[in-house]
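Keep the structure open beside you as you read.

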Amino acid sequence: MTQATSSAEQIHPEPRFTPLATGLLLTGGIAVAALGFRTLTEWLWLSPLILSIVIGMVIGNVVKLPAAAAPGIAFAMRRLLRLGIILLGLQVTLGQILSLGFGGLVAVTATLAATFLAIRFVGRAMGVDPALTDLIAAGTSVCGASAVIAANTVAGGRDEQVAYAVACVTIFGSVSMLLFPLLAAPLALDPQAYGVWTGSTIHEVAQVVAAAFQGGDVAGQSGTIAKLARVMLLAPLVMAMAYAARRGQSGGSAASSPMPWFVFGFLAMVLINSSIDIPAVAHQAGALLSSFLLSMGLAAMGLHTTIGRLNMQGTRPLALGAFGWLFISLFGLMMVKLTGF
């Protein structure tokens, strides 16, 4: 009887997906709710990634999750997050980046690098946890929540630290989104200069689009391209973080800071998107799938984040996020002015 049962299991093995189903259905449902809310309200500036982590935190702190959900939640938080970041590369082409011109590329790159290093330096001086400092630095300097979760593959922050960093970039990015359109005229910025300023300094892609297009189509297009240039720099930044950690410069080690191989997938998607004319429908589907997978991953992080542990981070990281916001806004404006926009 035992042999017969064993033979039957070999012929008809239990699907490996089954242990993941509960967690994937939960995180997928949260992602669908976040995307659906954004679509129904037409609040296009509101990132589904941020909504997903908020919904996940509410559920995780109110409802006791079944043990069966754990494998699927872990899978979404690791594998699906990386796949979503890889597909993010389909939103960028080398042609778009080069269209900024030399001055624009200098402004974007210098602002990103200076902001990341400044936040790292000030965070350590303030005594903020190094992992949380790196997450805030990456989210502020590159592209908000997507950069936070990509950088965490090297920083190794806890779920509540990821949630805290996402909250920081959301709060201050929203302030920029509301404030910057009011400053274009007083700062004497023409549409292109205003667009490059928004794209090189505002945290989330959706926030950049919302702020930049208030300055007209030229500003909107310049802002979007400048933001995509920052997204493109996500891969080299994460690889640089991994290299620094391996050399012991960020408190990491070869064992605790593995090479983030998924960034090569991201770069491959950029090259494919740059060399092949992808149909618009496929391009839109890829962008939607990337957003969905990233939303699932952040929903999983939210489910693991408890409010009490989040409060334990204190106010110093929030002050660090405020410093980062001021620094990137002013340094970016200075670079736009210096590069002749």
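The buried residues of α14 (buried: under 20% relative accessible area, 1.4 Å probe, protein chains only) are F262, V263, G265, F266, M269, V270 and N273. Seen down the axis of α14, these residues fall within an arc of 155 degrees (taken from the directions from the helix axis to the C-beta atoms), so they line one face of the helix. On the face turned away from that buried side you will find L271 and S275, which are exposed (over 50% on that scale).

This is a predicted model, where local features need pLDDT of at least 70, side-chain atom pairs count only at pLDDT 80 or more, and totals for chains, interfaces and linings use all residues. Residues are numbered from 1 along each chain as its sequence is written, and side-chain values use heavy atoms, leaving out hydrogens and water.

Of its 12 residues, 11 are buried, so α7 is largely enclosed by the rest of the structure.

| Helix | Residues | End-to-end C-alpha distance | Expected span |
|---|---|---|---|
| α14 (262-275) | 14 residues | 20 Å | 20 Å |

What do the buried residues of α7 pack against? Their partners, in contact when heavy atoms lie within 4.5 Å, are α6 (101-126), α8, α9 (159-183), α12, α13 and α17 (316-338).

Technical notes: Helices (H or I, at least four residues) and strands (E, at least two) are DSSP runs, numbered from the N terminus. The expected span of a helix is 1.5 Å times one less than its number of residues.
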